[in-house]
Amino acid sequence: MSIRERLSGNEAVATAMKQINPDVVAAFPITPSTEIPQYFSTFVANGSVDTEFVAVESEHSAMSACIGAQAAGARAMTATSANGLSLMWEMIYIASSLRLPIVLNLVNRAVSGPLNIHNDHSDAMGVRDSGWIMLFSENNQEAYDNTLMAHRIAENKDVQLPLMVCQDGFITSHAIENIELEEDSEVKNFVGEYKPEHYLLNRKEPIAVGPLDLQGYLFEHKAQQAEAMKKAKQVILDVAKDFEKWTGRHYGLFEEYKLDDSEIAIVCMNSTAGTAKFVVDKLREKGVKAGLLKIRVYRPFPGEEVAEALKNQKAIAVLDKSDSLNAIGGALFEDVVSSMYVNEENVPMCNYIYGIGGRDTTAEDIESVYEDLQKIAKTGKVEDPYRYLGLRREAK
Amino acid sequence: MTEINSKTPMEKLTIGGNIYEAGNAKEFKTGDWRSARPVFIEEKCKQCGLCYPVCPDNAIPVEKETLKRKDFNFDYCKGCGVCSKVCPFGAIVMKEEGEE
């Protein structure tokens, strides 16, 4: 039986971590994720978990300690944001290439500078090609649920990749909302024990982890990572199926909101999906056939499935909460566009960079995107696909 | 563990290049290139035993029964010169690679 509670996104994640009771948590505080290790350290102090909490001196050390712990055979978790993740960057690649299923909660925030501590997705986009599984969460409930499913996915024999659960800094991390929690014993049962096949503390099998990997080998090891990432897609769906049987809450690779009969659609991630659903409902009342596709699994990117779900639209807008500063468009836009192209689905598409540095994105902003889409749907033409939403500009 | 070499297909490689076995450093030949090499002058050697413990790899073989050192095994010699520095008798001379 689920327990009704009201928690912030950070509290929800810390609660999930308490229920998972990992062997090691190594973390360094950084806004807006600070509360996660802060709450967790109180659980350690109260004796409600028997985790070894390592108060490290930097995020580089936090990830290094997690790598050491996980390689030793322990289950390791951490949390960070923005520049904290930037400082981890070197070790982020080590974690995935050593195939260590570490779980990280990333509370999305703008990577400075100029100095900003508010929400956008530039931190996550900076590690999108690092070989980590990336799950995005619309609200506290999804952040909690994704964290509960994380270890089962990451530790699966066919996967063995680290995983990060993302949620929007402040917008969901600090907003208190209703949530359904699961019983401690049931969580323990669902997550199960970590039983690695090979680990450093196994005295019956002395092993070497992370040896020199030159021209003759690195290529193949990277291809193994890519292969594991492809296989992760099915594992994520299998775990979601078990999760639904247990909690009744359904998860897929993405969420389709009124997409089955829609003509114009927005693609976005995290909390903006909540605002977009509100706008879709409002437009539906006016007879506008608007829909939404909310990406949950960003890595591996479900290209084929996304193309299938979007193929009947007359116009699509992809919303990126991070500008790739590449003169062509945001990262999510590129992923969706190439998914459509290789699957031979030709729908007019455009990109909106929005919400940078915590800029508020209102229902009116989202509505203006649907208005643009209605125009595109009529003409079938997109003149300027790389756009901004909510940016101040001089009137032309 | 099965033999892995540069012809092994990716499906047969261990993940992350992990090695599930101990004591295999000797399989990695460090001496495939060097800029300087030690030359062993046997007549000057007193078999004092100072050189081989300082070799960072496995370049100075020692006979098990007599505990006498033999000539260098260049498969494991990077030419670092530490052995030449510790030799009190001038029995190890460093020469530039290519020099007679």
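Me: What makes you say that α1(A) and α2(A) meet?
Reply: Contact means that two C-beta atoms, placed from the backbone, lie within 7 Å. On that basis Asn10(A), Glu11(A), Val13(A), Ala14(A), Met17(A) and Lys18(A) of α1(A) meet Glu35(A), Ile36(A), Tyr39(A), Phe40(A) and Phe43(A) of α2(A). Bear in mind that this is a predicted model, where local features need pLDDT of at least 70, side-chain atom pairs need 80 or more, and totals for chains, interfaces and linings use all residues. Residues are numbered from 1 along each chain as its sequence is written, and chains are lettered from A in the order written.

Me: Why are α1(A) and α2(A) called oblique?
Reply: Their axes come within 9 Å and cross at roughly 40°. Angles under 35 degrees count as roughly parallel, over 145 as roughly antiparallel, 65 to 115 as roughly perpendicular, and the rest as oblique. The two helices are therefore oblique to each other.

Me: How do you know that the length of α2(A) fits a helix?
Reply: The expected span is 1.5 Å times one less than the number of residues. For the 12 residues of α2(A) that gives 16 Å, and the end C-alpha atoms are 16 Å apart, so the two agree.

Me: Why is Val369(A) called buried?
Reply: A residue is buried if 20 or more other C-beta atoms lie within 10 Å of its own, exposed if 12 or fewer, and partly exposed in between, with C-beta atoms placed from the backbone. Val369(A) has 23, so it's buried. This residue sits in helix α12 (residues 363–379) of chain A. Leaving aside residues up to four places away in sequence, Val369(A) touches Ile266(A), Ala317(A), Tyr352(A) and Leu389(A).

Me: And what makes Gln160(A) buried?
Reply: Gln160(A) has 22 C-beta neighbours inside 10 Å, so it counts as buried. Its place is the loop between α6 and β7 of chain A.

Me: Why is Phe170(A) called buried?
Reply: There are 20 other C-beta atoms within 10 Å, so Phe170(A) is buried. You'll find Phe170(A) in the loop between β7 and β8 of chain A.

Notes: Axes are lines fitted to C-alpha atoms, for helices over the stretch in contact, and angles run from 0 to 180 degrees between N-to-C directions. Helices (H or I, at least four residues) and strands (E, at least two) are DSSP runs, numbered from the N terminus.
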